[in-house]
Amino acid sequence: MTLSCHDLVSIADLTDGDISALLETAASFKDISLRQIKKVPTLRGRTVINLFLEPSTRTRTSFEIAGKRLSADVVNISGAGSALAKGECLKDTAKTIEAMSVDAVVLRHWSSGAAYKLAQYVQPPVINAGDGSHEHPTQALLDLLTIKDSLGDVAGAKVTIVGDISHSRVARSLIVLLTRLEAKVTVVAPPMFLPAGIERLGCTVSYSLDDHIEGSDVLYLLRIQKERQGAKIYSELAEYTRIYGLTKERWARVSPTCKIMHPGPMNRGVEIDPDVADSLGSLINTQVTNGVAVRMAVLYLLIGGAGGSEE
Ligand code: CP
């Protein structure tokens with residue numbers, strides 16, 4: 001079994017069959033992380049480069065763990081520790097990596113479109129681990145797995161995504177993926193955090209979180225991305241919290257079956273109350289756990305799924 005695409009840059013690269021295969025494979029890989037010996041030989045002899053040119057904890061670590069649990073050799077490159085810090089361009093870094101016979105490159109980059117460019121420069125598959133405000137497809141896939149495991153069915157589920165939509169690659173990938181699977185997705189934000197035309201992705205738009213507190217099956221909170229705001233940062237974070245934060249007062253009104261999600265990193269006390277983040281209805285740590293299984297599935301189906309692990 002392999003994916004139909006050569007690279008995973010965008011959710012649009014995946015067919016419905018690819019999405020099903022990824023979820024099934026991830027589900028089967030979950031068990032490996034629960035064993036005492038958390039390793040199988042599936043990708044033995046394969047080399048995966050983690051090229052992370054923007055900060056990351058969850059995505060970088062989980063790709064590294066995913067590769068290692070499948071016995072791939074994983075090499076981490078960061079911007080500060082590489083020749084990029086001396087002025088080398090992405091293309092030359094990419095060609096240098098390619099010349100070392102690697103099997104996949106995982107890229108986190110601050111610039112929207114960087115993963116697409118990298119895929120043009122190199123032959124091995126490129127996996128987008130988040131590029132600027134564009135896409136973060138593996139985050140959307142792990143969120144889909146988390147929602148499916150929790151709710152059973154995604155079709156018809158009312159998912160409310162709250163926060164800085166305009167800077168969120170997570171939101172963009174997740175809206176596309178969930179609406180394709182017939183979830184009812186609403187984005188809630190002040191106008192300054194809503195990109196023009198976001199409805200074209202298939203979601204509806206609201207300016208009032210209070211209108212969606214009671215009826216949501218999933219409340220998905222997004223971080224206020226202070227580093228991407230420039231001069232536009234919401235004037236007072238306390239004011240943002242008052243109108244758009246999942247406070248204890250709002251939490252008291254949600255359905256007991258409603259699930260709370262956040263891709264991390266969180267601004268505790270800004271978009272989400274710390275006690276709500278740690279509550280029983282929170283799937284935030286489950287998202288992280290599922291991230292390893294989903295990234296194992298992505299690596300396996302891109303570089304090892306067609307009998308690639310033979311001697
Ligand atoms: N969700 C996510 O991308 O987190 P990191 O920035 O820690 O990888």
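The legends below describe close-up views of a predicted model.

**View 1. The largest nonpolar core has 82 residues.** Leu14, Leu141, Ile161, Ile165, Leu178 and Leu219 are the members that touch the most others in this core. Helix α10, spanning residues 284-304, makes the greatest contribution, with 11 residues. Residues of the core come from both domain 1 (11-136 + 288-307) and domain 2 (137-283), so the core lies between the two domains.

**View 2. Surroundings of Leu141, one of the core residues that touch the most other members.** Leaving aside residues up to four places away in sequence, Leu141 touches Leu8, Ile11, Leu14, Leu22 and Leu23, together with Leu177, Val294 and Val298. Among these contacts, Leu14 is also listed with Leu141 as touching the most other core members.

**View 3. Five strands form an open sheet with parallel pairing.** The strand order is β7-β6-β5-β8-β9. Strands β7 (204-206) and β9 (259-261) are the edges, each pairing on one side only. From one strand to the next, the twist averages 20°.

**View 4. Strands β8 and β9 pair in the parallel sense.** Three bridges join β9 to β8, which covers residues 218-221. Leu219 stands opposite Ile260 of β9. Leu219 also belongs to the largest nonpolar core, where it is among the residues touching the most other members. Strand β9 is an edge strand of the sheet, whereas β8 sits between β5 and β9 in the strand order.

Conventions
Residues numbered from 1 in each chain as written. Predicted model: local features only at pLDDT ≥ 70, side-chain atom pairs only at ≥ 80, totals over all residues. Heavy atoms only, no water. Core = buried A, V, L, I, M, F, W, Y, C linked by side-chain atoms within 4.5 Å. Buried < 20%, exposed > 50% of the residue type's maximum accessible area, 1.4 Å probe, protein only. Helix = DSSP H or I, 4+ residues; strand = E, 2+ residues; numbered from the N terminus. Domains from an automatic or database assignment. Contact = heavy atoms within 4.5 Å. Pairing = 2+ DSSP bridges. Axes fitted to C-alpha atoms, helices over the stretch in contact; angles between N-to-C directions.
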